[in-house]
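Subject: Handover of a structure

Dear colleague,

Please find the structure below, together with its sequence.

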Amino acid sequence: MNSVVQVVDLNHRYPGGPQSGAGFAVHDVSFEVGEGEFFALLGPSGCGKTTTLRCIAGLERPSSGTIRLNGDPVVEGKRSVPTHRRDIGMVFQDYAVWPHMTVYQNVAFPLTIGRTPRKNVRPMVEEALAMVGLDHLADRAGTQLSGGQQQRLSLARALVRKPAVLLLDEPLSNLDAALRERMRGELRQIQQEVRITTVLVTHDQVEALSMATRIALMKDGEVVQIATPRELYERPANKFAAEFVGSGTFYDATVLELRGDTGLLVETSLGPVSAVSHHRHAVGGAVSMAIRPEDVAVHDRPPDSTDNVFPAKVRNVLYLGGAMDLHLEAGGVLLRAQVPVGGRSYAADDSVYVALDPRRCVVVA
Ligand SMILES: Nc1ncnc2c1ncn2[C@@H]1O[C@H](COP(=O)(O)OP(=O)(O)OP(=O)(O)O)[C@@H](O)[C@H]1O
Ligand SMILES: [Mg+2]
């Protein structure tokens with residue numbers, strides 16, 4: 001992989017301030033982002049995502065570690081290249097649009113303070129505005145734009161100098177839900193068209209799963225897992241990863257039997273469950289078993305020749321529009337199941353059977 005961003009053993013400790021991970025806001029964080037990749041730093045509030053991004057941007061000087069952009073060290077030992085000399089574009093949460101400037105002037109600004117020859121400014125601004133679909137609004141005042149338009153304006157401003165790397169810190173979090181969803185698609189599309197290497201910071205798992213090519217999941221200043229969205233969802237490294245990404249139900253479990261490479265039988269409050277694991281376990285070991293709502297099938301009668309069938313009671317029925325979210329009680333645990341709308345309707349206290357897909361009962365340490 002031709003890595004455009006390389007972060008090696010990054011540590012950062014703020015003077016004073018509350019810190020997580022062993023007194024560090026960021027602790028031994030390493031990752032590489034390949035050319036054209038859309039990489040996400042995902043994790044709960046305070047886990048060190050922004051700090052990591054600010055170190056890449058040169059807005060924060062890390063306590064230790066190395067950062068390379070396009071192979072050149074921008075942070076190494078005592079060396080720290082200033083922000084304006086790093087080949088990056090940034091969009092932050094409060095994508096401050098300069099109110100006294102027009103859309104055109106907002107985008108031209110980074111060029112006019114840089115060393116861009118004057119004759120190149122107009123074509124570059126026009127290209128950036130066209131990229132985000134704002135070319136027809138060039139003469140508007142920045143303040144006369146909708147939230148989504150302002151967001152695209154700040155994206156154009158970040159892209160106009162054609163940086164090697166685009167850094168995004170919660171760029172969609174100020175938008176309402178519908179717009180956020182639409183901008184997710186637009187942002188991803190623009191990123192693919194420009195093929196710009198991108199690092200996105202977000203605490204929103206749906207955002208990371210839907211936009212990123214790879215995700216670094218962080219907790220308490222440390223990286224928990226680096227994986228593709230699918231791997232992260234299907235093969236969480238531990239219970240934290242399984243809980244943070246997607247919604248699932250967890251059962252405390254004990255390993256009863258190991259079956260081949262990934263199969264195993266675990267004892268739970270439901271009874272014995274056939275499951276899979278991508279970790280090493282010993283018989284008798286205490287583990288957790290996770291099952292996602294979409295992997296729980298609900299039946300009126302126990303289906304024949306299916307593993308992992310257990311009785312359950314409906315406790316609550318939530319209509320989600322496209323699907324129903326059933327809250328069931330099974331083995332003394334609140335088990336969530338997602339079932340299609342338009343099938344059988346359910347009501348509280350209905351007795352049903354659940355079939356847990358054995359390939360989707362994932363055991364984590
Ligand atoms: N300027 C600062 N001074 C002292 N401590 C700070 C400072 N900025 C952040 N911290 C602390 O460093 C840790 C990491 O903060 P950071 O802003 O990187 O988290 P984050 O993952 O971006 O969280 P969020 O999702 O809430 O934005 C937190 O414990 C935070 O309180
Ligand atoms: Mg942050």
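Predicted model: local features only at pLDDT ≥ 70, side-chain atom pairs only at ≥ 80, totals over all residues.

Domains. The protein falls into two parts: domain 1 spans residues 3-239, and domain 2 spans residues 247-364. Eight residues of domain 1 and nine residues of domain 2 make up the contact.

Glycine 89. This residue belongs to strand S7, which runs over residues 88-91. Is glycine 89 buried or exposed? Glycine 89 counts as buried because its relative accessibility is 4%, and the cut-off for buried is under 20%. Leaving aside residues up to four places away in sequence, glycine 89 touches Ala158, Pro163, Val165, Leu166 and Leu167. Threonine 66 is 23 residues from glycine 89 in sequence, and their C-alpha atoms are 20 Å apart in space.

Cavity. Searching the whole structure gives one cavity of 30 Å³ or more. The largest cavity has a volume of about 30 Å³. Its lining consists of Met124, Glu127, Ala128, Met131, Leu159, Val160 and Lys162. Helix H3 (residues 118-131) supplies the largest share of this lining, with four residues. By class, five of the lining residues are nonpolar, two are charged and none is polar.

With kind regards

Notes. Residues numbered from 1 in each chain as written. Chains lettered and ligands numbered in written order. Heavy atoms only, no water. Helix = DSSP H or I, 4+ residues; strand = E, 2+ residues; numbered from the N terminus. Buried < 20%, exposed > 50% of the residue type's maximum accessible area, 1.4 Å probe, protein only. Contact = heavy atoms within 4.5 Å. 1 Å grid on protein atoms, 1.4 Å probe; cavity = no way out; pocket = protein on both sides within 12 Å on 5 of 7 lines; lining within 4 Å. Points joined across faces, edges and corners; volume = space filled by probe spheres on them. Nonpolar A, V, L, I, M, F, W, Y, C, P; charged D, E, K, R; others polar. Domains from an automatic or database assignment.
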